[in-house]
Amino acid sequence: MTFFLISSLKAEPLFLSEYNFFKNIREQIPKEGVIPYHIANPLFSDYTYKFRFISMPDNKVASYNYENIFNFPLGTTIIKTFAYPVDDRDLKKGFQLLETRLLIHKKEGWTPVSYVWNENQTDAKLKFIGKTIEANWIDKNGNVRNARYRVPNINQCKSCHQLNKAIMPIGPKGRNMDLDFFYQSGKENQIDYWEENKLLKDVPKKKMIKPAIWNDETFLIPERARSYLDSNCAHCHRKGGSAGNSGLYLSLEEVGRMAIGVMKKPVAAGRGSGNMEYVINPGKPEESILLFRMASTDPGVMMPELSRSLSHKEALPVIYEWIKEME
Amino acid sequence: MKKKFLNIIILNIFVFIGLISSLFSNTIQPGPRAYDEIQKALIFSKPGDLIQLSEGIFEFEDGLSLDIDNVTVAGEGEDKTILSFKNQKSGAEGLLVTSSGVVLKDFAIEDTIGDAIVVKGANGISFIRIRVEWTGGPKESNGAYGLYPVQSSDVLIDSCIAIGASDAGIYVGQSERIKVLNSLAKYNVAGIEIENSYFAEVIGNTAEHNTGGILIFDLPDLPQQGGHDILVANNLVINNDTKNFAPEGNIVGNTPNGTGIMIMANQFVEIRDNVIKNNATTGILIASYQDEAEDKNYDPIGNHIYIHGNTLNNNGFDVDKVRAKPISDAINGKIPEIVWDGVVPFIEWIGISPSSRVTLGSNFTESGKADFVNLKLMTKFLVPIIHKIDNNYSNYMGELESIKPVVFLQD
């Protein structure tokens with residue numbers, strides 16, 4: 001047992017700094033060749049900020065896919081650091097870094113590892129079994145907020161990243177990446193930038209549809225709601241995902257009314273049903289299980305099951321309006 | 001100050017002893033480090049490993065998970081090694097298993113905030129002498145499922161105990177090749193439930209003081225449906241007298257108070273040699289799925305249901321007038337021991353196609369022969385004016401082939 005533990009630990013560096021991804025690890029400034037990016041409609045994780053990077057082996061190229069993950073070359077590492085701002089009204093005051101998650105594309109598949117930041121914020125250390133961090137920050141309204149932030153254990157990584165038994169990244173798909181980023185060289189569309197820098201091939205010539213941004217009011221409510229559900233629910237609630245057994249499928253591509261929950265009865269919800277009949281009861285958000293579970297913070301009820309201990313108050317009205325307007 | 005120092009020394013000695021003992025034995029003891037130790041063992045075990053839990057009460061705030069094949073997790077007994085989740089703060093279940101060939105034995109999981117043990121997508125999973133329980137008795141706030149393997153195959157549940165689940169104590173969903181043997185389910189809404197599953201044996205169990213003892217269900221709009229080849233034999237299904245406490249909206253919330261065995265929309269189901277007593281609504285209920293389904297391939301009406309050799313006694317003395325309204329509407333007074341709703345496809349109803357959905361062999365009461373009713377709900381819906389229930393047992397007598405024994409792939 002002990003022997004095995006040590007030999008497993010040896011497979012990955014004990015400290016994040018050993019990978020050499022950063023010019024300044026504390027400030028999360030990547031070194032050259034490690035590409036920062038962001039995605040449309042990130043997953044809500046208790047109001048944490050996320051700093052995302054991709055490191056690909058030299059002279060290797062990923063290939064484009066609109067609705068699925070880019071096909072990344074072996075040796076690619078996807079890097080994501082979770083952090084709370086000291087004061088969300090003034091980000092210059094800096095961040096408390098919590099954990100940095102890596103997904104490493106190896107021969108045997110995508111491998112998840114997590115590094116938890118030390119108190120002095122000088123480096124992050126490998127952690128396989130998860131950890132609870134009692135964190136606090138000042139929110140946009142100047143209120144002090146607390147969260148029981150859970151670093152997932154390595155099995156929990158799989159829970160969200162599983163697709164047909166294999167571990168897969170979730171974010172970097174064509175439709176999630178098609179937005180501007182402020183590079184050192186200036187503002188540019190991420191897909192254009194990747195293509196120009198020979199990081200991405202097979203990019204379609206024609207303009208692809210950009211999905212709605214859930215909190216951008218220039219889009220219609222139903223589109224905003226579907227975008228939100230896609231990025232917050234569909235990693236499990238899709239065919240082949242870890243909630244595939246529910247028959248509730250929430251990805252943007254899903255068209256079946258009952259598949260997205262309309263007049264669908266719960267199967268294994270238990271008290272997650274909140275004494276309601278349907279996942280979505282059109283016109284009646286207060287009688288829709290979907291909204292009830294999104295609003296809850298009871299671990300036996302709430303959805304998603306992982307990644308949050310707080311509810312996403314800003315997103316709930318979008319889902320509410322969507323169901324309210326629905327026929 | 002001095003005292004504090006002494007405390008630290010004592011504490012260190014304890015930590016040291018703990019470290020030493022964990023180096024020399026694989027047995028995990030209760031204590032503040034137990035969660036990390038178990039979760040570490042669950043992550044770093046290799047196929048074939050045994051994770052041994054000592055006697056004692058382990059108190060956990062977060063869920064556990066296992067994703068390594070062929071690992072055995074064993075305690076010292078369901079009454080000795082207790083994993084208590086009374087103060088659970090995260091995780092939708094107590095233990096989640098996502099790997100194959102895992103054996104769980106001789107421990108208990110109590111008071112999880114959601115389900116007790118969930119197993120997803122396993123080829124081979126064994127629960128042996130496991131107890132799952134909500135210790136506060138039947139309550140709507142209890143977790144939904146006790147033992148909950150789903151989308152799995154070669155599922156063995158042997159000599160387990162499930163108490164207090166707000167849905168089903170033992171629930172096998174969307175799985176195939178299943179044996180539920182010698183187990184006890186009590187004070188759950190559903191004692192034992194086999195749902196959307198293929199090739200199952202439910203043999204030698206006791207289901208008592210649930211709302212419904214044993215449920216064989218098939219539901220629409222799920223990745224796997226069309227449940228078939230289910231044998232329910234030699235079970236004791238008695239005194240199922242707990243009022244339905246499922247949160248509304250759940251299918252199981254429709255289970256009438258005091259149902260012995262209920263079959264909904266499955267094909268090839270054999271119910272034989274069970275003892276079914278003291279269930280207020282009825283002993284055996286055969287029903288169709290009544291709600292809308294989007295799925296065109298879903299068949300809401302059961303077929304090839306064969307009921308024989310059962311002893312039924314004192315069932316149907318106080319029918320649930322809300323959940324079993326079609327029964328209480330049709331019958332005044334004592335309800336027969338076996339009830340079929342009589343819903344058939346239209347072509348069978350008008351007689352173009354022969355209908356033998358339910359087949360009865362001999363079934364007994366303690367003093368004679370069991371009675372039966374076909375509620376003929378199809379006629380009631382279509383031509384209420386000619387509607388009459390059918391009490392004539394001999395109209396349904398016959399013999400079907402027995403369900404073949406379940407054979408696991410590795411057997």
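Trainee: How many bridges join strand S11 of chain B to strand S14 of chain B?
Mentor: This is a predicted model. Strand S11 of chain B covers residues 123–128, and strand S14 of chain B covers residues 153–158. They run parallel, and the number of bridges joining them is five.

Trainee: Which strands of chain B stand at the edges of the open sheet?
Mentor: The sheet has 12 strands with parallel pairing, in the order S1-S2-S5-S8-S11-S14-S17-S20-S23-S26-S29-S32 (chain B). An edge strand here has a single partner strand, so one side of it is left without a neighbour in the sheet. In chain B, that applies to S1 (27–28) and S32 (358–360).

Trainee: How many polar residues are on the side of chain A that touches chain B?
Mentor: The contact takes 40 residues from chain A and 44 residues from chain B. On the chain A side, helix H1 (2–11), strand S11 (144–151) and helix H2 (154–161) each supply at least two residues. That side also divides into 14 nonpolar and nine charged residues, and the polar count is 17.

Trainee: Within chain A, which element gives the most to the side of domain 1 that touches domain 2?
Mentor: Domain 1 of chain A spans 2–201 and domain 2 of chain A spans 221–325. Their contact takes 18 residues from each domain. S11, H2 and strand S12 (162–163) of chain A each supply at least two residues of the domain 1 side. With three residues, the element that gives the most is H2(A).

Terms used
Residues are numbered from 1 along each chain as its sequence is written. Chains are lettered from A and ligands numbered from 1 in the order in which they are written. This is a predicted model: local features need pLDDT of at least 70, side-chain atom pairs count only at pLDDT 80 or more; totals for chains, interfaces and linings use all residues. Two strands pair if DSSP finds at least two bridges between them. Helices (H or I, at least four residues) and strands (E, at least two) are DSSP runs, numbered from the N terminus. Two residues are in contact if their C-beta atoms, placed from the backbone, lie within 7 Å. Ala, Val, Leu, Ile, Met, Phe, Trp, Tyr, Cys and Pro count as nonpolar, Asp, Glu, Lys and Arg as charged, and the others, Gly among them, as polar. Domain bounds come from an automatic or database domain assignment.
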